[in-house]
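Reader: Hey, I'm new to this one. Can you walk me through it?
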Amino acid sequence: MRTFGRGFVLARALSSAEQGARRVELFPAIFSIFYQFGDAFAFLVISCAGLAVIFGMMGIINLAHGEFIMCGAYVTAASARAGLPLPLAIACGAVAAGVVGMALERAVIRHLYHRPLDSIIATWGVSLIATQGVLIMLGPTMQGIGTPLGSTLVGERSYSVYRIVLFASAVGLLVGLYVLFYRTRFGVIARATIQRPAMARALGVDTRRVYGLTFGLGAGLAGLAGGLYAPTMTMVPTMGATFIVESFVTVVVGGADIFLGAAPAAAILAVIRAALTAWYGQLFGQIGLLVAVIVVIRVMPGGLSAFLKRWQR
Amino acid sequence: MRRLELPDASEAPARQGLRLWLSRLEGPQTMGRGPGFWVAAALAVAAAAAYPAFANDYVVGNAAYFLVWTFMAMGLGVVWGYGGALSFGQTAFFGLAGYTYGVITINIGSAFGATWLALLLSVALGGIFALLIGYFMFYGRIKGVFIGIVTLSVTLVLETFMAQTAGPQWRIGEARLNGFNGMSGMPPLTVPWFGGDVLLYAGTTLYYVLLGMVVLVYMGLRMLLNAPFGNVLVAIRENPERAEMLGYDIRLYQMLAFGLGGALAGTSGVLYTAWGQYITPSSMGLTSAALPIVWVAVGGRRDITATLLGCLLVIAGFQSLTIYGSQYALIVMGVLLVFTVLVTPNGLIYTAMDRVGRLFGEARR
């Protein structure tokens, strides 16, 4: 399990905020709250991006998402320890997961586009094979890589610089995806394929290839998530499970659109989670997320993005 | 795609009461009809009944463990295979009923067959909880994969909640919930008998009791599925809009089916708790929640017989794999799952039964 002691840190931050008001040391307290929020936000956005692309674009719920994350993390750790600089190693992890994803799409997922429920089961089977296969081949743990960049002091408390980098990466990731889907040729073709597959085919688009590439992109983003979080986590074959519940919750609350859905959903959930964790502890943070998902599905069946789109009109 | 065949009312001879229900043991929604099928079924039950004569008590107790799970599998078969709603959270009702059984029996003891009262209450609670969730989902018009996500969330919430109930303040009467380590020390099922209660520890007696329950539930489900209720359920699965246009309140039917599935999952939960005298939160976790889906998907969800046989076969296969090489068991399970979905989407047992049925003509629906 991930234990950052967020609750403790935020509780300290809140109480130090009270003192800060007296001592006019507001900045560190505010920074601390933003740090907690940014950490949760980055985790949700980065871990859900791959799932959101695959679900939003293709309607497939990919239960092997966690295993793509694990794949990315493992490749990142291995290549970093082989001497590659960390950013390159992370890129290696993302590419490796993307390639595996495209192979999986060709072998299994391609046959299941018309059977979304069956695709859940098939990807769950793949996830079982992957987790256990890695356990058998690479053993119960793998030597990790330490968190780089050290820490910095703001006020009286020290903060990990790498977590601030992660927050920046999450924002960068959203911007990058926006550019990819709305400013490039691939993006136009992909969106056309998703909206009107028959018409796209009639205009000469190889839709099967687009589906394959989109799935590969989703898997690659999962690999990126694994790579980015590899330095902060213990390398175990089941590490994907750490991400999966949070990323599902974000995608479902967000709905089909990544920018109108998953990003604001991650922001809202990050607040819920950080607050509940601070007041009641880690387990209640998770319970809060799950209850949020149940309520959101009931109130807004299309998720936040459908709700926002209707509200825009 | 199998055509929906509703029995023609004008042809069917008018039957009433018990005879009507018995006639529903065969029908359009269940495979197997005619003397050939029933002789085979009777032989299977006879073989199962004779089994303890050829095995020691421990092995029989283990076989009883297989039977424990069949109720949850059959319940999921009704909800998913017949009703078309993939529930990922049957283990929520399993766990709730299991914990309830523990709380009740630890508090009131096991005298005078009180364990059976506890069983009934726990199963009812599981069913009522499922009805509540079902009302929330189906009357909220939640469909498709979202049913899976809501149910999965429910079971994960329960798991997470139960996992944090460590500490003496989490107790209901005498019963400590015990957090992640789970609850233990509840009595097994007991049968009041002359000269002292018979305790149904894992062994031959429990095996017979469970076998009887499986046969009863199986027959009951056959009758229910061939009754108008089952026909409407299948109509909803095939085409919800059409079923609604024909005047059926599809929300009500799906909710009731979901409640039935929950009660059956609860039955498994109680029996599991009574079998091993313990229950832990991880019995509601992600892995546990996915297991019933594997049994039902691999066996065949569209037919209650295939579901029952598939469940027993997969659990037995999984356990023997675990004995011979535990690390490869999960891989084999995953391969089996992917293979089933890609090659025999209706399930292995279902497809096999369908083939055999075509050969003999009698096993057909």
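This is a predicted model: local features need pLDDT of at least 70, side-chain atom pairs count only at pLDDT 80 or more; totals for chains, interfaces and linings use all residues.

Reader: Which residues touch the most other members of the largest nonpolar core?
Author: A:V45 and A:V293 do, in a core of 208 residues. Helix α2 of chain A, residues 26–58, gives the most to this core, with 16 residues.

Reader: OK, and how many residues does each chain put into the contact?
Author: Chain A puts in 33 residues and chain B 34 residues. On the side of chain A that touches chain B, α5 (116–138), α10 (240–254) and α12 (282–299) each supply at least two residues. The one that gives the most there is α5(A), with 15 residues.

Reader: What classes of residue are on that side of chain A?
Author: It has 26 nonpolar residues, five polar and two charged.

Reader: Let's switch to α10(A). Is it mostly covered or mostly exposed?
Author: Mostly covered, as 14 of its 15 residues are buried. From first C-alpha to last, α10(A) reaches 21 Å, close to the 21 Å expected at 1.5 Å a residue.

Reader: What follows α10(A)?
Author: A:G255 does, and its phi is positive, near 95°.

Reader: How do α2(A) and α10(A) cross?
Author: Their axes come within 8 Å and cross at roughly 65°. The crossing of α2(A) and α10(A) is right-handed.

Reader: Which residues meet there?
Author: From α2(A), A:F43, A:L44, A:S47, A:C48, A:L51, A:A52 and A:F55 meet A:F243, A:E246, A:S247, A:F248, A:T250, A:V251 and A:G254 of α10(A). The contact of α2(A) with α10(A) divides into nine nonpolar residues, four polar and one charged.

Reader: New topic: what's the phi of B:R141?
Author: It's positive, about 60°, although B:R141 is not a glycine. For background, most residues other than glycine have a negative phi.

Reader: Where is B:R141, then?
Author: B:R141 is in the loop between α5 (114–138) and α6 (145–163) of chain B.

Reader: And why does B:R141 count as exposed?
Author: Because B:R141 has 11 C-beta neighbours inside 10 Å, and a residue is exposed with 12 or fewer.

Reader: What about the phi of B:Q277?
Author: That phi is near 55°, again a positive value in a residue other than glycine. B:Q277 is in the loop between α10 (250–276) and β6 (278–279) of chain B. With 16 C-beta neighbours inside 10 Å, B:Q277 counts as partly exposed.

Technical notes
Residues are numbered from 1 along each chain as its sequence is written. Chains are lettered from A and ligands numbered from 1 in the order in which they are written. Two residues are in contact if their C-beta atoms, placed from the backbone, lie within 7 Å. Helices (H or I, at least four residues) and strands (E, at least two) are DSSP runs, numbered from the N terminus. Ala, Val, Leu, Ile, Met, Phe, Trp, Tyr, Cys and Pro count as nonpolar, Asp, Glu, Lys and Arg as charged, and the others, Gly among them, as polar. A nonpolar core is a set of buried Ala, Val, Leu, Ile, Met, Phe, Trp, Tyr and Cys residues joined through C-beta atoms within 7 Å. A residue is buried if 20 or more other C-beta atoms lie within 10 Å of its own, exposed if 12 or fewer, and partly exposed in between; C-beta atoms are placed from the backbone. The expected span of a helix is 1.5 Å times one less than its number of residues. Axes are lines fitted to C-alpha atoms, for helices over the stretch in contact, and angles run from 0 to 180 degrees between N-to-C directions. A crossing is left-handed if the near helix is turned anticlockwise from the far one by less than a right angle, and right-handed if clockwise.
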